[in-house]
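Me: I want to go through this model and ask what stands behind each label. Please set the values against the cut-offs.

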Amino acid sequence: MKRLLLFAMMCVCMSFVFAQKKGDKVVKVTSSEIRWWGYKVVKTVPTSHSGTVKLKSGKFTFDKTVLVDGEFVIDMKSIMAGDVSSQDEDMVKLTNDLKSTNFFEVKKFPLAKFHLTKIIPLANSEFNSTVYGDITIKGVRKTITFPANVYITQFTVVIESAKFSLNRRDFKVFYQSSLKDYFIKNEMDIQFRISTEKLDNENRTPVKKK
């Protein structure tokens with residue numbers, strides 16, 4: 001019995017060591033920007049809204065020098081309509097509406113998550129890669145893909161996505177009982193850029209360390 005117990009303990013210890021070894025390098029995201037767009041059924045500039053939401057945390061995991069995956073947590077309480085410095089009454093009202101039970105219900109679901117699972121290189125395209133992953137909003141998880149420019153140099157990662165669409169109804173983001181919802185398009189667009197280093201806003205490349 002003692003030998004059996006000792007063998008079991010050794011197996012547990014070995015499993016833990018191998019689990020720790022699988023991802024031997026974790027690199028945190030230090031620079032990020034996430035923008036969103038929403039549209040009314042008649043899609044024109046005056047009937048479109050846009051804004052920002054902030055990344056709470058993000059990290060990439062490497063096995064040696066190979067990128068394994070990425071984990072990103074989005075602070076839904078930070079979602080905002082219009083410019084960050086805007087005090088426009090309509091934008092303030094829309095921001096409050098987005099945070100309410102009408103849309104993202106941020107008190108109950110303060111965080112959204114994206115798990116990057118793989119990156120497939122693209123040739124002869126505007127964007128050099130297709131990104132695959134699982135996104136969770138309001139407790140609903142969906143697998144998504146989108147084009148992006150991805151640059152990986154050793155443990156430095158820069159990802160600049162194309163503007164891509166999510167169906168808000170897939171995540172229960174809609175007025176529960178209101179005719180207003182019929183005037184809003186189901187597609188909402190997202191675009192982001194994230195980096196493990198601070199980015200230069202003009203050319204979107206990592207800032208050189210002095």
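Me: Which residue of strand 6 stands opposite Pro 121?

Reply: Ser 129 stands opposite Pro 121. The model is a predicted one, and every value here is computed from it.

Me: What makes strand 5 and strand 6 a pair?

Reply: Two strands pair if at least two bridges are found between them. Strand 5 and strand 6 (residues 129–137) have 8 bridges and run in the antiparallel sense, so they meet the cut-off of at least two. Within this pairing, Asp 134 is the residue of strand 6 opposite His 115.

Me: How many bridges join strand 6 to strand 7, and in which sense do they run?

Reply: There are 9 bridges between strand 6 and strand 7 (residues 140–153), and the two run antiparallel.

Me: Why is Lys 138 called buried?

Reply: Buried means under 20% relative accessible area. Lys 138 has 9%, so the label buried applies. Strand 6 itself is mostly covered, with 7 of its 9 residues buried.

Me: What makes the contact of Lys 138 with Glu 105 a salt bridge?

Reply: The requirement is a Lys or Arg side-chain nitrogen within 4 Å of a carboxyl oxygen of Asp or Glu. The side chains of Glu 105 and Lys 138 meet at 3.6 Å, N to O, so the pair qualifies. Glu 105 lies in the loop between helix 2 (89–99) and strand 5, and Lys 138 in the loop between strand 6 and strand 7, 33 residues apart.

Me: How many salt bridges does the structure hold, and what makes Arg 193 and Glu 33 one of them?

Reply: The structure holds 2 salt bridges. Arg 193 and Glu 33 are 2.9 Å apart, N to O, and since the limit is 4 Å the pair counts. Arg 193 is in strand 10 (residues 184–195) and Glu 33 in strand 2, 160 residues apart, so the pair links distant parts of the chain.

Me: Are Arg 193 and Glu 33 buried, partly exposed or exposed?

Reply: Arg 193 has a relative accessible area of 8%, and because this is under 20% it is buried. Glu 33 has 32%, which falls between 20% and 50%, so Glu 33 is partly exposed.

Me: Why is Lys 54 called exposed?

Reply: Exposed means over 50% relative accessible area. Lys 54, at 58%, is therefore exposed. Lys 54 sits in strand 3 (residues 48–63).

Me: What does Lys 54 touch?

Reply: Leaving out residues up to four places away in sequence, Lys 54 touches Ile 34, Ile 74, Asp 75 and Ser 78. Lys 54 and Asp 75 are 21 residues apart in sequence, with 5.7 Å between their C-alpha atoms.

Me: What makes Val 41 partly exposed, and which patch does Val 41 belong to?

Reply: Val 41 has 45% relative accessibility, which lies between 20% and 50%, so it is partly exposed. Val 41 forms a nonpolar surface patch with Val 42 and Phe 183, with about 320 Å² of accessible area together. The place of Val 41 is the loop between strand 2 (31–40) and strand 3.

Conventions: Residues numbered from 1 in each chain as written. Predicted model: local features only at pLDDT ≥ 70, side-chain atom pairs only at ≥ 80, totals over all residues. Heavy atoms only, no water. Helix = DSSP H or I, 4+ residues; strand = E, 2+ residues; numbered from the N terminus. Buried < 20%, exposed > 50% of the residue type's maximum accessible area, 1.4 Å probe, protein only. Contact = heavy atoms within 4.5 Å. Patch = residues over 30% accessible without salt bridge, like charges linked within 9 Å, V, L, I, M, F, W, Y side chains within 5 Å. Areas by Shrake-Rupley, 256 points an atom, 1.4 Å probe, with all protein chains shown as cover.
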